[in-house]
Amino acid sequence: MAASDALLEVSDIHTYYGDSYVLHGLSLSLTPGKIVVILGRNGMGKTTLVRSIAGLTPPRRGEIKFEGRPLTSTAAYGIAQRGIALVPQGRRIFKSLTVRENLMLPTSTLAKSKKRASHTGKQWNLKEVLDEFPQLADRIGNLGSALSGGEQQMLAIGRALMANPSTILMDEPSEGLAPKLVQQVQEILLRLRSEGHAILLVEQNLGLALAVADEINVISSGRFVFHGSSDELSKNTEVLDNHLGVAKGH
Amino acid sequence: MTAIILQAINGLSLAALLFLLASGFTVTFGLMRVVNMAYGAYYLLGGYIGLSVMRTTGSFELAMLVGSVAIVILGFFVDRFLIRPIGSNHLAQVLLTVGVAFFIGEVCLAIWGGDSLKIQLPSYLRGSVELPGGIYYPKLRIALIAFGILTATSLWLLYHKTQIGAVVRAGVDDREMVNAIGINVDRLFVLVSAVASFLAGIAGVVGGAFLTLNPGAEWDILVLALVVVIVGGLGSLEGAVLGSIVVGLLDAYGRWLAPDFSYFVLFGPMAILLLFRPTGIFGKEH
């Protein structure tokens, strides 16, 4: 992939939590209409990578560029305003706000989310999001705290789309969901990819990852130990066994 | 029976005053986890400034406006140049803002002296009104209750029915996520803090007419406001309303029925409540 195609370029980032050295020089790039998956066991640095890109735990060294311009010294709110949306681990919807308020928050004048035709050509608005997630339409006036886990996940994805991002960072969107809902997440991911969004997907669900990934990186102790396609990972028993804890013939 | 009703109205008028101070305190804490112990001193300084304006111009409305705007300006500088640089360390925030409160108290003592002073009321707030049942009650206290209800209603509408209110509530829920969806929470805090300082300044002017202004009054009112916030739940506007009413009524009935134990009547139920509900009535775990 040519660097000039990349929307988001992460180059040799090193991230710490206090004195704890978590990410040891990670690099990757995201392009429109592609899903890059990060796989790894708990505590290997997957979420820290997402937080580093989103500006919530900025890297101490290395560079992150978005649309060719550096992001490294940009505050989290500025990164979101540039067109990178986050679907965080654990959903983190605003539980004391209604579904409608949750969805409308990124369109607040304070959020300065511009209407981006960008790479997707699609303009998300409340109607579009509710058409995509009809279960939310039925709960539009309910508080976030009243939603089921699956509904909260749809709300977290819908909230991200309302900002009309060109790039979406998703941290374990299938976590804690029933298989039917995981299938729905998979369909959404594929649809977003076909619409031209660049997606970074952090997952522990190998089946989902293999089904949607254009590229896969496996992370272990803050370093990438594998980079390749779904097919290549499926055949790499050493990585599957040692870094993902998956027995042969998963 | 008349005495019971009178004490209830006394309690509600104190509740209205406490709400003005506690509502700002609780929302700023909820949004930014900032413990600002200088709100009592803001109250006192706003009251003294209002007193001087009232003496100079004779306008109570102008006294409220100047007293509150002066506190907004002071509050901005305290937030921007003192509180923000020390970060999220609550102990440092408490020590710093207690220091600010002492400094403001000393400045007030130097300028306005140590005597108890009262802001003179405009003619339309002097005297009494007859309530149903033939009870005569001071106009000021009735006006204060009405003002408290108006302020609480306005804040509730702002908090629950506007986009900016939704952003503030979201910030109370999860400040980091509000940043992550593209909203500069620090800038939002400046706005919320300005509203809180404005209300503290107004409370000072109203309190200067309702109670008295004197050295130490900042700590008396701060302690009551803290009880309101703790009972109601940090970060909750509804909690500030309920907490104000509870504290106002307990204070009024405590002073009437058991004057020697009035502080126990106030703090005893608070301690029992906290045993069973440590986050207060409407508070949430953070």
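Author: In this predicted model, R51(A), R92(A), D174(B) and E176(B) are linked in a network of salt bridges.

The rule finds 4 salt bridges across the interface of chain A and chain B. Another salt bridge between the chains is formed by R169(B) and E101(A), with 2.7 Å between the closest N and O atoms. Over all chains the count comes to 10 salt bridges.

The contact as a whole takes 24 residues from chain A and 21 residues from chain B. About 2000 Å² is buried between the two chains, and carbon and sulfur atoms give 60% of that area. On the chain A side, Y77(A), F94(A) and L110(A) lose the most area to chain B, together 29% of what that side buries.

R91(A) is found in the loop between β6 (84-87) and α3 (99-104) of chain A. With a relative accessibility of 13%, R91(A) counts as buried. Its phi is near 70 degrees, a positive value in a residue other than glycine. D12(A) also has a positive phi, near 55 degrees, and is not a glycine. D12(A) belongs to strand β1 (residues 8-17) of chain A and counts as partly exposed, at 41% relative accessibility.

Next, the nonpolar side. The largest nonpolar core has 119 residues, and L8(A), L105(A) and L200(A) touch the most other members. Leaving out residues up to four places away in sequence, L105(A) touches F94(A), L97(A) and A111(A) in chain A, and A166(B), V167(B), A170(B), I181(B) and I183(B) in chain B. Apart from this core lies another, of 47 residues, including L103(A), I140(A), L189(A) and L210(A).

Q186(A) sits in helix α7 (residues 179-194) of chain A. Q186(A) has a relative accessible area of 17% and is therefore buried, the limit being under 20%. Beyond its neighbours within four places in sequence, Q186(A) is in contact with L208(A), A211(A) and V212(A).

Chain A also has salt bridges within itself. D131(A) pairs with K127(A), the closest N and O atoms being 3.0 Å apart. These two residues are 4 residues apart in helix α4 (residues 126-132) of chain A, a separation of about one helical turn. K127(A) counts as exposed, at 58% relative accessibility. The side chains of R139(A) and E151(A) meet in a salt bridge of 2.9 Å, N to O. R139(A) lies in the loop between α5 (134-137) and α6 (149-162) of chain A and E151(A) in helix α6, so the pair ties together parts that are 12 residues apart in sequence. R139(A) is partly exposed, with a relative accessible area of 21%, whereas E151(A) is buried, at 15%. An arginine of chain A also lies over an aromatic ring: R60(A) is over the face of Y16(A), at 4.1 Å from the ring centre.

In chain B, R80(B) lies over the face of F81(B), at 5.5 Å from the ring centre. As for ring against ring, there are 9 aromatic pairs over all chains. Y48(B) and W112(B) have ring centres 4.8 Å apart and planes at 5 degrees, so the pair is stacked. Y48(B) lies in helix α2 (residues 39-57) and W112(B) in helix α4 (residues 90-112) of chain B, so the pair ties together parts that are 64 residues apart in sequence. Both residues, Y48(B) and W112(B), are buried. F76(B) and F77(B) form an edge-to-face pair, with 5.5 Å centre to centre and 80 degrees between the planes. F76(B) is partly exposed, at 36% relative accessible area, and F77(B) is partly exposed, at 45%. Ring pairs also link F25(B), Y39(B) and Y42(B) into a cluster.

Note on methods:
Residues are numbered from 1 along each chain as its sequence is written. Chains are lettered from A and ligands numbered from 1 in the order in which they are written. Side-chain values use heavy atoms; hydrogens and water are left out. Rings of Phe, Tyr and Trp (its six-membered ring) pair if their centres lie within 6.5 Å; planes under 30 degrees apart count as stacked, over 60 as edge-to-face and the rest as tilted. Buried means under 20% relative accessible area, exposed over 50%, partly exposed in between (1.4 Å probe, protein chains only). A charge sits over a ring if NZ of Lys or CZ of Arg is within 6 Å of the ring centre and within 35 degrees of the ring normal. A nonpolar core is a set of buried Ala, Val, Leu, Ile, Met, Phe, Trp, Tyr and Cys residues joined through side-chain atoms within 4.5 Å. Contact means heavy atoms within 4.5 Å. Buried area is the accessible area (1.4 Å probe) that two parts lose on being put together, summed over both.
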